[in-house]
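Colleague: I would like to learn how to read a structure slowly, one feature at a time. Could we go through this one together?

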Amino acid sequence: MLGKLLQRNEFLVGLVVVGFCLVTGLTSERFFSLVTLFDLLRNATVIGIFAIGVMLVLISGGIDVSFTALAAFSMYATTSILVAWGVDGHFVLALLIAAAFGLALGMVNAFFIGLFGLPTLIVTLGTLSAFRGFLLTFVGNELITSVPGGMRDFSRANLFTGTTADGYFFSLPLAFLALVIVVLVTWFILNRTMLGRSIYAIGGSPEAAARIGVNVRATQFFIYGYVGVLSGIAGIIHASMARVANPFDLVGLELSVIAAVVLGGARLTGGYGTITGTLLGVALIVLVNNSLILLGVPSTWQSVVIGLLILLGTGVPAYQARRTARHTV
């Protein structure tokens with residue numbers, strides 16, 4: 001039983017998360033506090049939503065690097081429209097418009113991948129550049145600091161607030177609820193529907209999935225459309241919490257998000273991935289980014305650490321697979 005546990009990425013990542021917390025807590029007495037916990041949860045919200053979408057793509061045997069461009073485009077275009085039309089309404093309106101933009105852009109990926117069967121990495125690399133270039137050239141490239149009132153109100157809304165005995169204020173933003181909802185919806189799709197089984201099946205082998213009756217093309221259209229919707233939601237939440245729409249934001253997060261999903265056990269070859277593992281991977285990446293700053297380590301080292309974690313996250317499962325294959329021969 002213990003041997004099987006040690007072979008699971010989720011268990012190993014969980015141990016690393018606990019170890020990282022203990023080391024950071026011993027070097028900084030402020031770490032074990034509600035202030036730090038809620039800061040970590042706040043920072044995990046947008047990355048977590050991105051990671052759930054990327055996890056679906058990896059399970060299906062693909063890879064998507066365009067999701068940040070979708071998010072930036074959806075966020076900035078939505079804010080621009082609301083400001084230009086003088087709409088100062090509820091945040092739900094901004095959320096729906098951003099999700100619609102994300103869906104439309106996600107369908108562009110789905111069109112080339114599902115209809116023409118082009119490699120997912122090539123397609124999403126192309127759309128990453130194309131969407132970003134179109135945004136900066138035709139939509140806008142300046143900061144929008146006067147975001148609609150609904151977005152500002154959303155940034156001020158909290159699920160929990162309080163003050164520690166030392167007088168430090170802490171709060172958990174309402175935005176974190178979006179991550180919880182995304183996790184629950186995605187868990188239901190993957191574990192309680194035929195669509196979820198189809199996603200795992202085409203990740204194992206698209207040809208075998210087609211032979212057992214899976215509509216591979218329709219499943220791929222759903223995956224990339226769903227990733228688009230999640231990207232739009234993540235983008236508008238990011239802009240609302242920052243209270244500024246910056247077209248240069250978000251792009252560059254791809255490495256951290258993909259690292260979180262891979263560390264959580266999702267295989268680059270497809271066919272495997274779990275919500276629990278992905279969330280643990282997100283927790284580890286957020287801990288690394290925040291703890292290094294707390295410990296006074298230069299931010300440039302974050303990329304080094306994340307790169308090493310990616311190597312470990314992909315190298316350890318590959319080594320275990322080869323070892324298992326040798327023992328079964």
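Predicted model: local features only at pLDDT ≥ 70, side-chain atom pairs only at ≥ 80, totals over all residues.

Colleague: Which residues of H8 are buried?

Modeller: A residue counts as buried when its relative accessible area is under 20%. In H8 the buried residues are Ala175, Phe176, Ala178, Leu179, Val182, Val183, Thr186, Ile189 and Leu190. Because these residues cover an arc of only 145° around the axis, they lie on the same side of H8. The face turned away from that buried side carries Leu184 and Arg192, which are exposed.

Colleague: What does Thr186 touch, if residues up to four places away in sequence are not counted?

Modeller: Thr186, which is found in helix H8, counts as buried because its relative accessibility is 1%. With those sequence neighbours left out, Thr186 touches Ile52, Met55, Leu56, Tyr226 and Ile275.

Colleague: How should I describe two helices that pack together?

Modeller: Two packed helices are described by the angle between their axes and by the distance between those axes. Here the axes of helix H9 (residues 194-204) and H11 come within 10 Å and cross at roughly 105°. Angles of 65 to 115 degrees count as roughly perpendicular, so H9 is roughly perpendicular to H11. On the side of H9 the contact is made by Leu195, Ser198, Ile199 and Ile202, and on the side of H11 by Val216, Thr219, Gln220, Phe222 and Ile223. Sorted by kind, the residues of this contact are six nonpolar, three polar and no charged.

Colleague: Where is Tyr224 found, and is it buried or exposed?

Modeller: Tyr224 is found in helix H11, and because its relative accessibility is 3%, Tyr224 counts as buried. Tyr224 also shows how residues separated along the chain can be compared in space: Tyr224 and Val54 are 170 residues apart in sequence, and their C-alpha atoms are 9.6 Å apart. Not counting residues up to four places away in sequence, Tyr224 touches Val57, Gly62, Ile63, Asp64, Gly106, Asn109, Ala110, Ile113 and Thr120.

Colleague: Which residues does Phe101 touch when residues up to four places away in sequence are not counted?

Modeller: Phe101 is found in helix H5, residues 91-115, and because its relative accessible area is 24%, Phe101 is partly exposed. With those neighbours set aside, Phe101 touches Phe73, Ser74, Ala77, Thr78 and Ile81. The C-alpha atoms of Phe101 and Ala71 are separated by 8.9 Å, while the two residues are 30 residues apart along the chain.

Colleague: Where is Arg243 found, and where is Leu250 found?

Modeller: Arg243 is found in the loop between helix H11 (216-242) and helix H12 (254-263), and Leu250 is found in the loop between H11 and H12. Their accessibility can be read in the way we used before. Arg243 counts as partly exposed because its relative accessibility is 38%, and Leu250 counts as buried because its relative accessibility is 7%.

Note on methods. Residues numbered from 1 in each chain as written. Heavy atoms only, no water. Helix = DSSP H or I, 4+ residues; strand = E, 2+ residues; numbered from the N terminus. Buried < 20%, exposed > 50% of the residue type's maximum accessible area, 1.4 Å probe, protein only. Arc of directions from axis to C-beta. Axes fitted to C-alpha atoms, helices over the stretch in contact; angles between N-to-C directions. Parallel < 35°, antiparallel > 145°, perpendicular 65-115°, else oblique. Contact = heavy atoms within 4.5 Å. Nonpolar A, V, L, I, M, F, W, Y, C, P; charged D, E, K, R; others polar.
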